[in-house]
Amino acid sequence: MSHSPSISLEGLNPEKFTLGARAGSLVGRFLVVGIVGLAVAAALGLTGDQGDLSRFLHAYTTVYVYFTSIALGALFFVLINHVTSAGWSVTTRRIAELVTGAFPLLALLSLPLIIAALMGTAEIYPWANPDGGLVPEGVAHLVHKKAGFLNAKFFAARMVLYFVIWIAMAAWFKSRSLAQDLSGDPAITNLFKKRSAPMIPVFALTLTFFALDLLMSLDPVWYSTIFGVYYFAGGFLCFMALLGILAKKFGAEDGILSGFIRDEHYHDIGKLTFAFVMFWGYIAFSQYILIWYANIPEETAWYHEREGLFWGHVGVLFLLKFLVPFVGLISRHMKRHPQRLVIFGGWVMVMHFYDMFFLGMPSHLNTLHYLEAQAGPATEAGKAWHHAAESFASMPFGIMELACLIGIGGLFVAAVAKSFASHSILAVRDPRLPESMTFHNP
Amino acid sequence: MEQQEAKALGLLAEYETPQALMAAAEKVRDGGYKRWDTHTPFPVHGIDDAMGIQPTILPWIVLGAGATGTLTALLLQWYTNGVDYPFLISGKPLFSWVPAFPVTFELTVLFAGITTLLGMLALNRLPRLHNPLFDVKRFARATQDRFFLALDATDPLFEDSSARALLEGSGATAVEDVPDVPTNENIPSWMWQVAIVLVFATFVPLGLIAASYNSTSTTPPFHIVGDMDWQESYRYGEEVPFFDNGQAMRGALPGTVAVGELEEDDAFYRGMDDMGNWLAVAPVEVSKSVLERGRERYNIYCLPCHGESGNGKGIVHERALALDTSGWLIPRDLTMDSIVTQPDGQIYDTITNGFNYDAETGTGNMAPYAAQIRPEDRWAIVLYVRALQRAANASIEDVPADKRSAL
Amino acid sequence: MSSQYDLEIQTALEDPTSRPHLVMGGATFASIDDDVAGVSEGFLKKTSLAWYAMFGASISVLAMLGAVVVYLISTGVGIWGNQSPVFWGWPIVNFVFWVGIAHAGTLISAILFLLKQDWRTSINRFAEAMTIFAVCCAGLFPAIHVGRIWVVYWLFPIPNQMEMWPNFRSPLLWDVFAVSTYATVSLLFWYMGLIPDLATFRDRATSKIRQGAYAFFSLGWTGSSRHWHRYEKAYLILAGLATPLVLSVHTVVSFDFAVSQLPGWHTTIFPPYFVAGAIFSGFAMVLTLMIPVRAIFGLQHIVTLRHLEVVSKVILATGSMVGYAYAMEFFVAWYSGNPYEQFAFTNRAFGPYAWAYWIMVSCNVISPQLFWFKKLRQSVPALFVISIFVNIGMWFERFVITVTSLSRDFLPGSWAYFQPTPFDALTLIGSFGLFFTLFLLFIRFLPIIAISEIKGILHKQESHH
Amino acid sequence: MEGNIFPAWTSKVRDLLPLALGGGGLYVVTLVTFGFSPETLAVGYQPEQPVAFSHRMHAGELGLDCRYCHNTVEQGAKAAIPPTQTCMNCHDKIRTDSELLQPVRDSWETGEPIRWNRVHDLPDYVFFNHSAHVTRGVGCVECHGRIDQMDVVRQEEPLSMGWCLDCHRNPEDVLRPVSEVTNMEWEADDQAALGAHLAAERGGINPPVLSCSGCHR
């Protein structure tokens, strides 16, 4: 029985756990990288033809929902730990609280999409301009039917609402938690528990509709009731993977949280990552098998489009995002080994990006096909669109996607780093800190 | 039994608390003892280290069982639905990982789950219903509120006095001998007798099966699940109590004719022209295939009496003569002139209605074959009979010139 | 039904710096034995009249079930209300209802074990037993609804003279595997948990028969630490196996419906939604049964109000998930623009079965929302009443799903109104007879609380001070 | 608990238990496999008939073609049991005073059919068509055995579904020229070559992959 290291928890100073310049130096660098990346992407997208605009907006959306899902995962981590009065997670919970500091940036980054919708840019949201020629004729009546929900103004209003709610939630937890660093008031912990419970349904609904708005409505015909859960499962999984990586970074021998993040924490983070690998696999499989089995054209079309792209089969996605980390993380030994946890965490984060790519980018291919059909397949323009579609399908990850990834990713890292730079990354006077320091996994 | 003084099988020490037991366990471990154990009412965490227990291999066994389950399920589904009896249902592939997944998962868990319990029991050598420790009265509290350390006398380091001293000095509230209470180690003979009787009893059903395997019997076949084998609908040829004549098959109502059975074509069905005269020539096309058909039908229905060549010396006739049946009427030689000169229609009529036949008594020279032979086959037979007549009365001129030499 | 311990908890202030005691009343190892074994031993000394009365009632209902089943098998499923187009009527509703109830036990024993939720120890044995009995009741319905129960072995891949195999691409066959695996693993899990406690019973027993029986079933358990080591590992593995298993069972049940193309059935959220609903109904049943049992046998210090409150929170959480699923179904039905989908859901809420739908919504969605109030979470009568509402609501949920969609299929010419016959009702009532008969035998002869696990908790509690 | 309740030999019983369970399992499997097989339950059924009609005599020694009596076999699903008329074709003249033939004469006089006992009886849910087989070269002998050697007819084959499938999956082992279907003694010089040729020529013999209603309707 290895009891906790002999760290005295009396009089811990939040200052000591503030990264300061170590993180602050990243902010400026990543800000520049991010802005350059986005500028390149925007330049490519806005100066080219319809196809480039479509590609830019799709790539932007894909990368955007990826990083937003991580922030949402972090927010959920905070909520669920409070509502269950979790003790083990206390030494890692602040990390999640600080990651949610990216929400204001993400709100800002939603503007291009809101503007695109308001301007009726059918290249990304065919419903934003139902007569813009990018809705196949046979389903135009469906898009009109849905106009009560899928219209630009309501879309913009919803986006604003989501971010108001998320920013408020994240800010409240962060500020209260930071206040507890100074006061150590256990009443704050009780308040967390009390408030976090009703926040969970609000969180669930906003996340669901966010996923519907940004991803599902890329194809305004297709629908799946499980879609919100699918997006949630992937996002929380990705955040747990990130948490494992950050925990290793801060908890290593020379890390700022050395001694505070123990093998038991890696084990628990590993277990949650493993559990959500399974949960994501479960949700993804449930959606797939039901659509595969019923074989209804309007549903299977969505998967069919996705099988024409990149690795080309949903089975590959299962293999990479489910089976590999499942086998990798099944043993207790792997979960308690931080280096391996980081390897599989990194793998999961990449695969979650592939998942978002799988959800978002095929819609661009559709757009190209529509453009081809609109121009007439026999015409010069039609042939050009056909060629564009072929070349995109053969290599869908190009400069545009890379620029968007660097752009939004850079800004996201900058925002998170800023958050880390100015606050303690340990909830030093959380009443359950001692428990977190001594608990044992069976 | 010879020794009056029972030798102790070991020592049992009792402790009040898990902490005391843990401390004692560390001492015994450090003392180098190998054959000893602690007994507690609940799993005491940390005692594994205190006793030096190595991690169990159970997880690996379970992993193996789970993998076996996975493989079993996949092979089973692939082989049964994809290979052995491929059966296409609602356009699904014969084998695909998507619908195969649920059963694969379940069997993996089933195999692994059963192995977990059985593996745990096997590694623990359980069930073990007899245990010398049960003979120590205070040991009953091992499952209640006391903590015990048992030292086995077979341990190489075990020496009563030193071991006792070690335990007594370890904070034990009591140290006691584990008595060697006499017990029967060998399976009693009545168990063997029962087993032998059982083994012999198993031969009875096997014998019964062997006796009826492929063997002749007047007992109707036994249908294990017979409920749908005989349904409440009657079929042709079955007996049914509902109707007067007890037959399931219903005849046509008097005065009605089934569709297609009007048989209004006199020439074809009766062999007569409009005036009631026999047709001289069969109203069917003459071709090799019809003649072949005629030969085949003739051989089935006519040959038994009239013989292969139509000479009236068929095998039934031969047999009738051999039996010396008084009532036997010699079949006609179909190649005789009186028949050669008959019109086709008349021969047809003979096949249909018999010859010299009295329908009332059912007797006559030849019975009617209308029920057995279809009209077009009767005409085919007529043509074939003509061929037989021609062959019987043929001259060398009838043989094609190039074949004559063969005769 | 409340006790001094309940009052103690109701007035206690939460202190996040320490974990509250799960076992109260100054319990010791020995007193736990007395309390739990006393339930069973007390019976033998002087079996309570109430038990005999309840057992008599249950077994009569069970006998009635036997008679109904015999009549069903000898006559055919025509005695039920199932007919075109509602071929899946009452039996499937009851099957899904009971399987759902069965989920709580494994959830409590396996998932909460993995989540290190120590409070599970007070109720896990009880819930596991409930699981097994509920699976028995659930298994009854598919078994008898096939009509020709004697050929039920066709569901298993056994070589035969027909050289036919079951169709592994059918979700109904997945059900066979899922439910039988679940029943087996639940039974193993339950039995494994029982072994040390049966040994305790054995060592306390005074009559030869009891000693012999408990000695036989406890397999010679001596509490050896070497045994405990493997035992705990096995328990952990079984928990790890049972966790995805419990999810898979109701998922596969949901596949029975959702792989079809029938509007109202074919919706992708069915798998997690069914699982949430199953846990929801299972926990409600745990409350319904646990509240009277703890009061009758004086177990309020082991199954404290705190336990009941946590259960109520799980009910609130899963009830909200179910509500989320209802909402998503409705929204997406509209969003789909598919007239069949839209009709299916309008028909549910306003069609001929609207009454059932609104019973379902008020019991399943609205009633658990009352658990937002701490006062109600800590009021034993309120917990009891709401848990019964949830049980009713979850039965109606299955009724609504099964019957509304089938009774209004794609072909208006075949539309009909499903009405159960008295035999339908008697079969359902009879299944409760089976459940309670088994349950009453369980509380009379077996440890209804995991004694050794409670002792572990007690030890933990003590060593914290 | 006081003292041991179970004697020490219970551990030895435990060690033998896997053996006993394994043996018991094997025994039950054997029992079911052979006990429930049609070879045990159905094959060899040889009911007594109301008339001591000898197929050996009529079909074997006399060499009457099967179709002389079972004349519907080429057109219908059933190979009809002949009416009394067919018997009387000859027996109004042969053995008219035989004791054995008394039931036939009675039947003829009263018009009551002779109640033959059915030997080969497929379950009612099986749709079997004689003509489909006989006119495509499946010999009578394949299902009924050497009828021409039986005084009293007996069920030779299991008539189980698996038995049907075995043949349908390997039709080349049994197919013969249509002209030889009633010939009980016929044997091909090279069945493998002939069977393969005939199976390819006829086609559609393999068990139905698309629906059960090929045989169950």
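B:R125 lies in the loop between α4 and β3 of chain B. Helices (H or I, at least four residues) and strands (E, at least two) are DSSP runs, numbered from the N terminus. The model is predicted: local features need pLDDT of at least 70, side-chain atom pairs count only at pLDDT 80 or more, and totals for chains, interfaces and linings use all residues. Residues are numbered from 1 along each chain as its sequence is written, and side-chain values use heavy atoms, with hydrogens and water left out.

**Backbone**

B:R125 is not a glycine, yet its phi is positive, about 55 degrees. B:R125 counts as exposed, at 55% relative accessibility. Buried means under 20% relative accessible area, exposed over 50%, and partly exposed in between (1.4 Å probe, protein chains only). B:S90 is not a glycine either and has a positive phi of about 45 degrees. B:S90 sits in the loop between α3 (58-84) and α4 of chain B. B:S90 is exposed too, with a relative accessible area of 54%. Most residues other than glycine have a negative phi, and most peptide bonds are trans.

| Cis bond | Omega |
|---|---|
| B:L126 to B:P127 | about -5 degrees |
| C:S84 to C:P85 | about 0 degrees |

B:P127 is in the loop between α4 (97-123) and β3 (147-152) of chain B. C:P85 is in the loop between α3 (49-75) and α4 (90-101) of chain C.

**Cysteines**

The whole structure has zero disulfides over all chains. A disulfide is a pair of cysteine sulfur atoms within 2.5 Å. For B:C302, the closest cysteine sulfur is in B:C305, 9.1 Å away, so the pair is too far apart for a bond. B:C302 is buried, with a relative accessible area of 12%. For D:C66, the closest cysteine sulfur is in D:C140, at 4.2 Å, again too far for a bond.

**Chain A**

Chain A has 18 helices and zero strands. Its C-alpha trace spans about 75 × 40 × 40 Å along the principal axes. A compact globule of 442 residues would have a radius of gyration near 22 Å; chain A has 23 Å, which agrees. That radius is taken over C-alpha atoms, and the globule rule is 2.2 Å times the number of residues to the power 0.38. Of the 442 residues of chain A, 61% count as buried. Among contacts in chain A with a separation of 6 or more, 82% join residues 24 or more positions apart. Contact means heavy atoms within 4.5 Å.

Terms used:
Chains are lettered from A and ligands numbered from 1 in the order in which they are written.
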